[in-house]
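Dear colleague,

Please find below the structure that I am handing over to you. My notes on it follow directly after.

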Amino acid sequence: MADVVQYKLERMLPELDDLERRGLFSRREIAEIVKQRRKFEYRLKRPSPLKQDFVSYIDYEKSLESLRLLRKKAQMKKTGDRKLKKSVSDYAGVSRIIEIYRLATNRFKGDVELWFQYLEFCRERRNGRMKKALAQVIRFHPKVPGVWIYAAAWEFDNNLNAAAARALMHSGLRACPTSEDLWVEYLRMELTYLNKLKARKVVLGEAEGTLARSGKNAKEEQWRDENKELFMALDDKREDEKLSNLHDGDSKEKLDSFREQGLSVLQTVYSGSIKALPSSFSLRTQFLEILEATDLAHSEDMRNEILADMKRDFSREPKYWDWLARQEVIDLNNPETTESMTADQLSRAIQVFEEGLKIVPSASMFDCYAKFLMDVIHFKDQGSQSIEQLSAASHAMDPISHLLAVYEKAETMGCITEDLACQHVSFLLQLGKVDEAKTLVEKLCSGKFSEAVQLWDLRVSIEMRFIQKNCTPNKTALSSIFEPLRNVLLKVPISEAETLWLMALRYFSAHKQFLDKLVETSMTLLAKDGGSDDGFSLSSTIVSFVLQRDGLGNARELYKRFLALPHPGLSLYRNCIELELNLASSGDKISLGNAQKLFETALKTYDQDVGLWQDYYNMEVKMGTSETAAAVNWRARKTLKKSMSLLPSQ
């Protein structure tokens, strides 16, 4: 290993001598470079080098190359010499990085991200290894669509080789026929190629306009205005008068030819993609976006054909109707747009949803409908209209009242879900209709959603708001909501009712009679289900509330009751141990003894938990004696067996 590393370092001598001779690095800096490279080379020569070893070496060499270039530019600026003859140090850095990338990709052939980093470096430096690297990554990852797209883009944009790019795309589509990205990028490439051919005709004065719609035409006109000298003969009025009659017919015919070819390409790619991906909705929408951004012959007919196919294949899916309705209005995600949503647009969108409900009367359909109207309200609200002004607007269709009607219709048709019900209640609260929200949530919680945790969260918060607003909380007022809430807590599993328990403890823990009932309720549930080791621990939470309210004595009595239940959770043990250790750290011997008892009790059930043994051992080291710490350590090693190394030896 040492001989190989030394040989590699010796081969760097010409480069290092050149760096010193040119004054880019001092002798001391070069010694440091050699030291770092030796360290990295030894890492790469290990029996099983890590990916990070290669990446760190590459990052170091990239930083070194950047520093060399900066110093070279500074030197050229200082001497006034704009062109320096290139030498070995100008090529050695890039070559070394390429070689490290080659070694890394040979070692980690399956790492696509590493391959793309390699390709990007070759592309940025315009290195000749690019073609070979592309061939290798295609050979190793033919099922990765991004590889084919990257290779085709390189041939198309960098090498200006449309034929090679097309061949790569065809090979990619054969290898990955179900890739949406490949089909879409293939269509974009073909239309871009046609547009480039058309632009060439424009520059030669043989045609007008391009296949791109308004945005790109404006840019092209700006470019032509800035480069008038290139078109003097064509822009001259007298030449225009002479040639206009000759070329008008020709130009129109050639333009139509390009538009016809573009339509033919789109039809061909579209039909092939639909056969390969008949159930892809997003693919159809992307084709429509491309069609609308391109000026093709008979584009309206093609658009109608795609829309008809979408209705035939996706009319039973809510996402189709949601997409179709949103096409009727302006961009809801861009409230700063200069356009405004008209009542006619909103009316057409609502008609689409109503038609969709007749075909797909489902909860998902109502959910899409409600979200659309919420987006409309948010859009109008962002347009400097308050929600009250929007609701009072009489000159246009009111989305607020319509949204409320949609929620009611969903309930009437039996398509209401817990999520929609929560949205309905929350929206009423947002509108300031607290009384209506209270009535609605009571009705929902008493009927179909009697065990819906989210709705009960809303109901409890609304009820407590009323109680605190109308009177000083008293036993009678609190009982009116506590008893129904307690019944729900008894029915719903603890793991699903975390927020409801936290809310109940927050509102009722200040009243002893209610807290006692909550404790008894939790005892009943924990006796049936046992404690939880992951996530929410009800027993630990109640102990914490009692500790804050009634002090250590009551908390200690309560946790003993919880620990007496069948299979208490490990999190409860840890919480109780932490409680006792906080007191033991201040010198309370009783608390230290309690903590030791808790550890011993917990280890009867959780003796394979390494962390528990470590905590016990650390406590004895800090607060116990050397004998007790050694005893815990010996017991842990004996019990854990294979995990002996996890505990420090005495």
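**Two histidines in loops**

At 45% relative accessibility, H567 counts as partly exposed, a class that lies between buried (under 20% relative accessible area) and exposed (over 50%), computed with a 1.4 Å probe on protein chains only. H567 sits in the loop between α28 (552-563) and α29 (570-584). Its phi is near 50°, a positive value in a residue other than glycine. H298 likewise has a positive phi, of about 55°, although it is not a glycine. H298 belongs to the loop between α14 (281-292) and α15, and at 48% relative accessibility it counts as partly exposed.

**Basis of the model**

This is a predicted model, in which local features need pLDDT of at least 70 and side-chain atom pairs count only at pLDDT 80 or more, while totals for chains, interfaces and linings use all residues. Residues are numbered from 1 along each chain as its sequence is written, and side-chain values use heavy atoms, with hydrogens and water left out.

**The chain as a whole**

The protein chain has 32 helices and 0 strands; these are DSSP runs numbered from the N terminus, with helices being H or I of at least four residues and strands E of at least two. Of its 650 residues, 42% count as buried. Contact means heavy atoms within 4.5 Å. Among contacts between residues at least 6 apart in sequence, 61% join residues at least 24 apart. The chain exposes about 35,200 Å², and carbon and sulfur atoms supply 51% of that area, which comes from the Shrake-Rupley method with a 1.4 Å probe; for residues, only the protein chains shown count as cover.

**Two helix pairs**

The axes of helix α2 (residues 13-21) and helix α3 (residues 27-44) come within 10 Å and cross at roughly 155°. Axes are lines fitted to C-alpha atoms, for helices over the stretch in contact, and angles run from 0 to 180 degrees between N-to-C directions. α2 and α3 are therefore roughly antiparallel to each other, the term for angles over 145 degrees, where under 35 is roughly parallel, 65 to 115 roughly perpendicular and the rest oblique. E15, L16 and E20 of α2 make the contact with R27, I30, I33, V34 and R37 of α3. By class, this contact has 4 nonpolar, no polar and 4 charged residues; Ala, Val, Leu, Ile, Met, Phe, Trp, Tyr, Cys and Pro count as nonpolar, Asp, Glu, Lys and Arg as charged, and the others, Gly among them, as polar.

For helix α21 (residues 418-430) and helix α22 (residues 434-446), the axes come within 8 Å and cross at roughly 160°. α21 and α22 are therefore roughly antiparallel, and their crossing is left-handed. A421, H424, V425, L428 and L429 in α21 meet V434, E436, A437, L440, V441 and L444 in α22. By class, that contact has 9 nonpolar, 1 polar and 1 charged residues.

**Buried positions**

In helix α7 (residues 130-140), the buried residues are M130, A133, L134, Q136, V137 and I138. Their cover includes α6 (112-125), α8 (145-158) and α9 (162-175).

F314 lies in helix α15 (residues 299-314) and is buried, with a relative accessible area of 1%. Not counting residues up to four places away in sequence, F314 touches P278, S279, S280, F281, R284 and Y320.

With kind regards

Methods:
Left-handed = near helix turned anticlockwise from the far one by under 90°.
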